[in-house]
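User: Got a model to go through with you. Can we walk through it together?
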Amino acid sequence: MTIKLLPLALGAALGMAVTAASGATLDDVKAKGFVQCGVSQGLPGFSNPDSAGNWSGLDVDFCKAMAAAIFGDPSAAKYTPLSAKERFTALQSGEIDVLPRNTTWTMTRDTTLGLNFVGVNYYDGQGFMVRKALGVSSALELSGASICTNTGTTTELNVADYFRANNMPYEIVAFEKSDEVVQAYDSGRCDVYTTDASGLYAQRLKLTNPDDHMVLPEIISKEPLGPVVRQGDDQWFNVAKWTLFAMINAEELGVTKANVEDMKSSDNPAVKRLLGLEGSYGEAIGLSNDWALNLIKAVGNYGEVFDNNVGPDTPLGISRGLNALWSKGGIMYAPPIR
Amino acid sequence: MAVQEHSSADEPPRGSILNDPRVRSVFYQLVVVAIIVILGWEIVSNTMANLKRQEIASGFGFLENTAGFGIIQTLVHYTETSNYGRALLVGLLNTMLVAVIGVAMATIIGFIVGVGRLSSNWIIAKLAYLYVEILRNIPLLLQIFFWYFAVLRAVPSPRNSVTFLDSIFINNRGIYGPKALFGEGSVAIGIALLLAVAGSIVLHVWARKRQEATGQRFRSGLSALGMIIGLPVVAYFASGMPVSVEYPVLRGFNFVGGLQLTPEFVALVLALSIYTASFIAEIVRAGILAVSHGQTEAAGALGLRPGPTLRLVVIPQAMRVIIPPLTSQYLNLTKNSSLAVAIAYPDLVSVGGTVLNQTGQAIEIIGIWMFVYLSLSLITSAFMNWYNQRMALVER
Ligand SMILES: N[C@@H](CCC(=O)N[C@@H](CS)C(=O)NCC(=O)O)C(=O)O
């Protein structure tokens, strides 16, 4: 909120003057001994703290993977919860090193904001949730509805586009914090709750009676969610990028958290390169050669991370869909390590 | 000895000029100014360089770009295709709307409660005391959340609205009421109203002059009221009844047409004015207590009843004590209105934050915020100072 935003933004002004002046994020991170990650303020499955303050989720696992790749220790990571609105300022000002926070890759963010998207760790799209009692079965029946959502998101822009394109009037009630969106929707302020489909499944769990609500079939946008770093530091960009690619390649090569030690004796050269037994790929990005081995040991491959956090056996119950490997009907794809 | 001492105090100190206190003080001040200038320059140039290196655009050109997001309450025409500058204007006007209405309501409630605290009626005095003690000790943000979330849950959905006279509807989408639509020829009504107001002022001035000169009283209030209501009504009929009323009707999800006050607006105004009123009440009480009791007794001796005594003798004198601290409360209310962002009321900070997030122009937006709040505060202070001078003791 304001109280938080102002110092943050002011910090941004000063931070831009001081912190960001040093280019080599990897050196800074190594010197301080941990990675500072910007995460959500609590989105089950993606980044969510438990009652003891331990963070977990798909985005958190990415952060742990980076910590493991750099330090060999997944716990060498600290988390800064950020609202959608605060997140870019926090990254630009150097308050955090990397932003894995269900953030959509868009051209503006990738260019004028001075940021770089590392890749995509979850292919998503925007959806609508309504009360079943409303008797609505399509988003095209939502003309005149009140819609609750988060400010500072692609969501509020997409909804404006969608309703304008379909010539439907609407009323947008945009909150800064997700908890307030959930509360306002739950208390009947809005007919509709809109955000990334994954977010709808996650936030639905916070409603008083989750079963009274349903997600409409329409997906109105592309939301490729991925981690973000500051523009202008290629080394750090590479570390983040290849952390993600290593997780995806590991799944493709069948390397898992459980079998990673055994896989060391594999004859497959691609596995050998991944695990640092051949070549010096880790050194090329400023890390040790067992970087990928360490990160797989810590969090597992992409498929495991997906299943543990948002998969069918979790409360979110999301199937792989687009996020399955390219070889298994999805579009999850990583350049090879060679 | 005595001679020597005398001469050493009169003559400039001998020896190095560096020991001259005047030279030293000028020197130190120059050093401080130089440090500040260098520091300031360093920050500005460093920031520019870093922004450039990070490839973050700077400047105010972004204000021309399309905003692309909707805003729930707009006092001027705004659509998703309007630009960021327009969006910020909408935010500014929303801030000013809340500030003006909040200040008016806080003043009214504050004066009533403040006078109530001094009431000789035990129940009224205790109620006013409780009001002040409870409301000024609960953080404002909690009060805003209370008025928003707690009240929101208690009101019905649009289909089950609480209805008054078939024209005012209260539900969890807001308060809906009839809206006047001014058709062609309505200008006449506006002109009539202006004339009536001007006439009332002239009448009031004349009545005062006459009372001062002759002691005869003329109740200008009633005639003014008659004029202000009567003239526009005459004009309304004369111009062929150009005003029509639009009633809100339930269509689909929600009411359409008529006048809508959103729950965000209502909650924010209520919270701000009720909270600030608790401080104003204490200021009013202190102001009244500061007027010596002799004044009341003197008024009584002249035959004034308690009502006119309060109105004509005590309050005008109390105002001199009340106005300066009242000004700070008005400034506080305006600045506190930025808590709006917590409940989705689109004020300047909320809309500005969205623009900041979308464009990444942190420094520019914060500059605009600071400039606007500073200006609003300075304007309020200037107005209150002017009013204070008018109320100040005039020696005759
Ligand atoms: N992907 C969108 C939306 C991201 C977003 O902020 N989503 C909300 C709703 S799912 C969220 O993460 N809330 C959790 C929080 O604020 O802690 C974007 O990048 O703009």
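User: Which residue forms a salt bridge with Glu264(B)?
Analyst: Arg189(A) does, with the closest N and O atoms 2.7 Å apart. A salt bridge here is a side-chain nitrogen of Lys or Arg within 4 Å of a carboxyl oxygen of Asp or Glu. Keep in mind that this is a predicted model, where local features need pLDDT of at least 70, side-chain atom pairs count only at pLDDT 80 or more, and totals for chains, interfaces and linings use all residues. Residues are numbered from 1 along each chain as its sequence is written, chains are lettered from A in the order in which they are written, and side-chain values use heavy atoms, leaving out hydrogens and water.

User: How many salt bridges are there across the interface of chain A and chain B?
Analyst: The rule finds 2.

User: And what area is buried between the two chains?
Analyst: About 4300 Å², with carbon and sulfur atoms giving 57% of that. Buried area is the accessible area (1.4 Å probe) that two parts lose on being put together, summed over both. Chain A puts 56 residues into the contact and chain B puts in 51, where contact means heavy atoms within 4.5 Å.

User: Switching to Cys148(A): buried or exposed?
Analyst: Cys148(A) counts as buried because its relative accessible area is 0%. The cut-offs are under 20% for buried, over 50% for exposed and partly exposed in between (1.4 Å probe, protein chains only).

User: Where is Cys148(A) found, then?
Analyst: In strand β8 of chain A, residues 146-150. Helices (H or I, at least four residues) and strands (E, at least two) are DSSP runs, numbered from the N terminus. Leaving aside residues up to four places away in sequence, Cys148(A) touches several others, among them Val173(A), Phe175(A), Tyr185(A) and Cys190(A).

User: What share of chain A is buried?
Analyst: Buried residues make up 61% of its 338 residues. Chain A has 14 helices and 13 strands, and its C-alpha trace spans about 60 × 45 × 40 Å along the principal axes.

User: Now chain B. Which helix gives the most to the nonpolar patch?
Analyst: Helix α4 of chain B, residues 122-135, with 6 residues. Ile123(B) sits in that helix and counts as exposed, since its relative accessibility is 53%.
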